[in-house]
Structure formats: C-alpha cells, structure tokens
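Student: Could you take me through how to read pockets, sheets and burial in a model like the one shown here?

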Amino acid sequence: MKDSRSIYNLWLGIKDLEPAEREELLKIGDNEAEINARFGTELSFGTGGLRAKMMLGTGAMNVLTVAQATEGLAKYIKSEGAGARPVVIAYDSRINSQKFAITAASVLAANQIKVFIFDNLRPTPELSFALRHLGCIAGINITASHNPKEYNGYKVFWEDGAQIAPEQAEQITRYIRGVKIPDDIHLIDFKEAVEDGLITIVGDDIDEAYISAVLSQAINPGIVKKAADKLSVAYTPLHGTGYRLVPEVLRRLGIKKLHVVPEQSQPDGNFPTVDKPNPEYREAFACGIKLADRVGCDLIIATDPDAD
C-alpha cells in the first residue's frame, strides 16, 4: 500500500463523499496516529468475509470498502463463468447494514450480475435457504453476528448455502486487492437497477418457503402439541433479526405460551439493553430471566443479531 497520508488524501478527494463523511475525514486531518490506524491497513477477507468497526478508512467497514469487496466478488464470480447467475443479499439490524446491502446490490448490478435483495432484515439461515431456493451462485449477508454495536461485517456464501471455503476466500481476496478505490468501482443507482430488472426485491414469498422448510425438519412435532398447554417459553431476539420469524415458527410448531422479552423485541442496532448481544454470555439473558421468573417459564431462548 501507499503511505497512510497519501491514501487519506485520496479518500478526502473523492467527490461523491457525503458531507458527514467528508467532515469525519477532516476532523482527523492533524492526527497522524488516527490516519495510520484507519489507512495503514486493509481489511482482511477470510472465510467469514470482512468484519471491523464502522468508520471511514481502508481498514474499516464503510460504503467504500463494501463496494470494493463487492467489486472483487463480482470479478471472482465472472472468473468462475457464473456471471449469468444471480446473487442474493440479506442484512441484519445493525447500524448501516441496509445501506451496505444496497451498496453491494448496486455494485453487482453495475457489473450486470442480477441481484435478489430482501425488503427488510432477515436471519442468516434464511439467506442460506434463499440462495438455494432462488438458484443463486452466491449470497452476501451484512452482519457482524454478535459483536458489539460499533462493528459490522460482510459474509459471503456460495451456491451450496455455506460460507465460502478458504481457497475461495484467497481468490476473492486477490481480486479485491486489485480494485482501486474509487476508480475501479462500478456503481449504478439502486432504484434505476430495480426498474431495469437487475435488482429484484424479495420478501414474504421467501419467508413462507423458508418457514415450511424449517418446520419440515422437526423430529417429533407431535410432542410439542402434547406439551403445549403446560410448556411456557420465553424468547428474546436481542434486538436482532429473529424478532419476527422465530416467534412465528414456534407458534406454528404448536407453542401456545410464548413470551417475547418486550424491551428486546424490536430491531435496534444500538443494542440498548446489552453490552454484547451474544447468547454465549449469561448477561445477555438478564432480561429474559426476569421475564421467565415473573411469568413462570420452563425455557428461555435467545438468538444473536443475525439469528444464526
């Protein structure tokens, strides 16, 4: 890479920066340590894709690095002779997730790769399902899983519905490294791409197919209905994507006494009730435990922000 100051100046000169983005860069103009921290490294693209704090810089998650990664992915897809097959995109409840998803869709469409994008946030498992259901070559999910609110991420899935293999990540990385910001990035207006049929917005139709597939995996569905009059369940989506479909699946499975934690029931990228929205930590269950103790639940279920 060039030196950090040169890259910083290059970004500062990008004419399409939003006023707030330009102001963000101007504020660090005299801070060499901050400039080195943001522009002295590049994001590492692994089997989990990208993950970093959200701010401007080559080593962070922002619209430009998302566009760069997507341009590299588009080149990889075409190198595999799969440019005629679509890509599906989903996103979670984090700050900027929808914005990054729209950016990725616009870059793919500009590269003449058709895109399916969800109309609102969806769980990661539904992306994997939609990828196969729609016959896509790849999928992108904008999520940082259960990391703190300052983070976001970019995960890539392949046609089998699983995350890309290590050797694929290496190849995609090479393509990404060859994409110069902003000169090599192709971009089309999102609304224009929708009108031209390059981007298709999907929603409830995929939900129904996904729910049916999930319910078909139940090993002994009858036992839930037998216990339904007594079994009491508390559920928390931890401000994430499980807020709608998880309760729906549980109810269709036969759960009658379902109590959703009210203060954590709606999507919120600030995760106001938890420091880390991670079900691996007992602290994430604090609100759920209070609810369970109050109404007498037998079971507490929590899902992380991307509900995987």
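Student: By class, what does the lining of the largest pocket have?

Tutor: Rolling a probe the size of a water molecule over the atoms shows where empty space is left. On a 1 Å grid over the protein atoms alone, a pocket is an open set of points where a 1.4 Å probe fits, with protein on both sides within 12 Å along at least five of seven lines, and lining residues have an atom within 4 Å of a point. Here the lining of the largest pocket has eleven nonpolar, two polar and five charged residues, where Ala, Val, Leu, Ile, Met, Phe, Trp, Tyr, Cys and Pro count as nonpolar, Asp, Glu, Lys and Arg as charged, and the others, including Gly, as polar. Keep in mind that this is a predicted model, in which local features need pLDDT of at least 70 and side-chain atom pairs count only at pLDDT 80 or more, whereas totals for chains, interfaces and linings use all residues. Residues are numbered from 1 along each chain as its sequence is written, and side-chain values use heavy atoms, with hydrogens and water left out.

Student: What is the volume of the largest pocket, and which element gives the most to its lining?

Tutor: The volume, taken as the space filled by probe spheres set on grid points joined across faces, edges and corners, is about 530 Å³ for the largest pocket. Of its 18 lining residues, the closest to the centre are Asp16, Val63, Leu64, Thr103 and Leu187. Helix 4 (63–79) and helix 5 (97–110) are the elements that give two or more residues to this lining, and helix 5 gives the most, with four residues. Helices (H or I, at least four residues) and strands (E, at least two) are DSSP runs, numbered from the N terminus.

Student: What order do the strands have in the open sheet of three strands?

Tutor: Strands of a sheet pair through backbone hydrogen bonds, either parallel or antiparallel. Two strands are paired if DSSP finds at least two bridges between them. The open sheet of three strands has the order 8-7-9, with parallel pairing. Strand 8 and strand 9 stand at the edges, each with a single partner strand, so one side of each has no neighbour in the sheet. The twist averages 25 degrees from one strand to the next, with axes being lines fitted to C-alpha atoms and angles running from 0 to 180 degrees between N-to-C directions.

Student: Which residues stand opposite valine 233?

Tutor: Valine 233 stands opposite leucine 258 in strand 8 and opposite leucine 299 in strand 9. Strand 7 pairs in the parallel sense over four bridges with strand 8 (residues 257–260), and likewise over four bridges with strand 9 (residues 299–302), where alanine 302 is the bridge partner of threonine 236.

Student: Are the residues of strand 7 buried or exposed?

Tutor: Buried means under 20% relative accessible area, exposed over 50%, and partly exposed in between, with a 1.4 Å probe and protein chains only. Five of the five residues of strand 7 (residues 232–236) are buried: Ser232, Ala234 and Thr236 point one way, while Val233 and Tyr235 point the other way. By contrast, isoleucine 289, in helix 12 (residues 286–295), is partly exposed, with a relative accessible area of 23%.

Student: What order does the open sheet of six strands have?

Tutor: The order is 1-5-4-2-3-6, with mixed pairing, and the edge strands are strand 1 (50–53) and strand 6 (199–202). Strand 1 and strand 5 (residues 151–158) pair in the antiparallel sense over four bridges, with alanine 52 opposite asparagine 152.
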